[in-house]
Amino acid sequence: MKLLQGKTVLVTGGSTGIGRAAAIGAAKAGADVAINYRSSSAEAESCIAEIEAAGQRGLAVQGDVADPAVAGEFIAKAVEGFGKVDVMVSNAGICPFHSFLDMPVETVQRTMNVNLLGGYFMCQAAARQMVEQGHGGAIVAVSSISALVGGEYQTHYTPTKAGLHSLMQSAAIALGKHNIRCNSVLPGTILTEINKDDLADMEKRARMEARIPLGRLGAAEDLAGPIVFLASDMASYVTGAALLVDGGAFVNLQ
Ligand SMILES: NC(=O)C1=CN([C@@H]2O[C@H](COP(=O)(O)OP(=O)(O)OC[C@H]3O[C@@H](n4cnc5c(N)ncnc54)[C@H](OP(=O)(O)O)[C@@H]3O)[C@@H](O)[C@H]2O)C=CC1
Ligand SMILES: C[C@H](O)[C@@H]1OC(=O)[C@H](O)[C@@H]1O
């Protein structure tokens, strides 16, 4: 039997990158998958096509996670389509690199609203549905190695990733009595749209690669296995945990 056979998995930010890889990975593991996305409609549609090619049902729901109402709408559409919610992968996020001293207020607020508050309301809405269903569930937040270390041009971003990591710890306590597990993955530097421009700086890219014991930057697909594992019953006694998926970058001090 496949790891996520019979489960319904929801992924925010499922049109591209890590969310897309997680959605397709979940489908290959036997789940029906609903994705949320904000603007990349063609990519969302092609993700659904890949989910269906894996033999599962797929559903794409457009919405900006920064709007708290979108969380309830996403859950409602998924329940309408698949009848239940077993897993929430809270992944949608942005990282508009910018220097600290002249950071625009709107950039700080938008990053917080999308990454942290968007994650909060999505996880809360999923948890409410899981509690109502009464048979437990799993929540996986896509935090970051940046929850543990800083970035000169990420002063508005790293606190959101630390916040998601902390949210999973507190939610694990709040939801344990309902058998809802809450964990986070902490990706290192993964080549996606979010850092395409930043990593066009070849000197910076070489510096990042040099820190990684496994010798390469990550691919979005490197996150699929860890996310599917935490979502699955294989991880039935894992809650409140944070799993680094960084090729060893974090531990490589010297
Ligand atoms: N790449 C990396 O090195 C790392 C990434 N992460 C985290 O992984 C997550 C995914 O990023 P990644 O795959 O790299 O980047 P991508 O830019 O490829 O993916 C971002 C996804 O989030 C969606 N999204 C962005 N803003 C919103 C919004 N307001 N509402 C709904 N969906 C939204 C995008 O949808 P659309 O395009 O349709 O707008 C897209 O599906 C982020 O939370 C990021 O912080 C963590 C550590 C490292
Ligand atoms: C977008 C960055 O390249 C990426 O985001 C993270 O969370 C990682 O720490 C990297 O800095």
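Analyst: One definition before we start. A helix axis is a line fitted to the C-alpha atoms over the stretch in contact, and angles run from 0 to 180 degrees between N-to-C directions. Two packed helices are described by the angle between their axes and the distance between the axes. Also, keep in mind that this is a predicted model.

User: Okay. At what angle do α1 and α7 pack?
Analyst: About 55°, and their axes are 9 Å apart. Helix α7 covers residues 224–231. Angles under 35 degrees count as roughly parallel and 65 to 115 as roughly perpendicular, with oblique for the rest between them. Therefore α1 is oblique to α7.

User: Is that crossing left-handed or right-handed?
Analyst: The crossing of α1 and α7 is right-handed.

User: Which residues of α1 and α7 meet there?
Analyst: On the α1 side, Ile18, Ala21, Ala22, Gly25 and Ala26. They meet Ala224, Ile227 and Val228 of α7. By class, this contact of α1 with α7 has seven nonpolar residues, one polar and no charged ones.

User: How do α1 and α2 pack?
Analyst: Helix α1 spans residues 17–28 and helix α2 spans residues 41–53. Their axes lie 9 Å apart, at an angle of about 20°. That makes α1 roughly parallel to α2. The crossing of α1 past α2 is right-handed.

User: And which residues of α1 and α2 meet?
Analyst: From α1, Arg20, Ala23, Ile24 and Ala27. From α2, the partners are Glu43, Ser46, Cys47, Glu50 and Ile51. The residues of this α1 and α2 contact divide into five nonpolar, one polar and three charged.

User: What about α4 and α5, at what angle do they cross?
Analyst: Roughly 15°, with the axes coming within 9 Å. Helix α4 runs over residues 105–133. The two helices, α4 and α5, are therefore roughly parallel to each other. Again, α4 passes α5 in a right-handed crossing.

User: Which residues do α4 and α5 bring to that contact?
Analyst: In α4 they include Thr111, Met112, Leu116 and Tyr120. In α5 they include Pro159, Lys161, Leu164 and Met168. By class, the contact of α4 with α5 has 10 nonpolar, five polar and one charged residues.

User: Switching to ligands. How many residues surround ligand 1?
Analyst: 33 residues surround ligand 1. The closest are Ser15, Ser40, Asn91, Tyr157 and Thr192.

User: Where are the polar contacts of ligand 1?
Analyst: A polar backbone atom of Asn91 is 2.7 Å from an oxygen atom of ligand 1. In the side chain of Tyr157, an N or O atom is 2.5 Å from an oxygen atom of ligand 1. A polar backbone atom of Gly188 is 3.3 Å from an oxygen atom of ligand 1.

User: And what surrounds ligand 2?
Analyst: Among the residues around ligand 2 are Cys95, Phe97, Ser144, Ile145, Gly188 and Asn195. Ser146, Gln154 and Tyr157 are also among them.

User: How far is ligand 2 from the side chains of Ser146, Gln154 and Tyr157?
Analyst: An N or O atom in the Ser146 side chain is 2.5 Å from an oxygen atom of ligand 2. For a polar side-chain atom of Gln154, the distance to an oxygen atom of ligand 2 is 3.0 Å. For Tyr157, a side-chain N or O atom is 2.7 Å from an oxygen atom of ligand 2.

User: Last one. Where does Asn179 lie?
Analyst: In the loop between α5 and β6. Phi of Asn179 is near 55°, a positive value in a residue other than glycine.

Notes: Residues are numbered from 1 along each chain as its sequence is written. Chains are lettered from A and ligands numbered from 1 in the order in which they are written. This is a predicted model: local features need pLDDT of at least 70, side-chain atom pairs count only at pLDDT 80 or more; totals for chains, interfaces and linings use all residues. Side-chain values use heavy atoms; hydrogens and water are left out. Helices (H or I, at least four residues) and strands (E, at least two) are DSSP runs, numbered from the N terminus. Angles under 35 degrees count as roughly parallel, over 145 as roughly antiparallel, 65 to 115 as roughly perpendicular and the rest as oblique. A crossing is left-handed if the near helix is turned anticlockwise from the far one by less than a right angle, and right-handed if clockwise. Contact means heavy atoms within 4.5 Å. Ala, Val, Leu, Ile, Met, Phe, Trp, Tyr, Cys and Pro count as nonpolar, Asp, Glu, Lys and Arg as charged, and the others, Gly among them, as polar. A residue is near a molecule or strand if one of its heavy atoms lies within 4 Å of it. A polar contact is a pair of N or O atoms within 3.5 Å; within protein, one must be able to donate a hydrogen and the other to accept it, and residues adjacent in sequence count only if both atoms are side-chain atoms.
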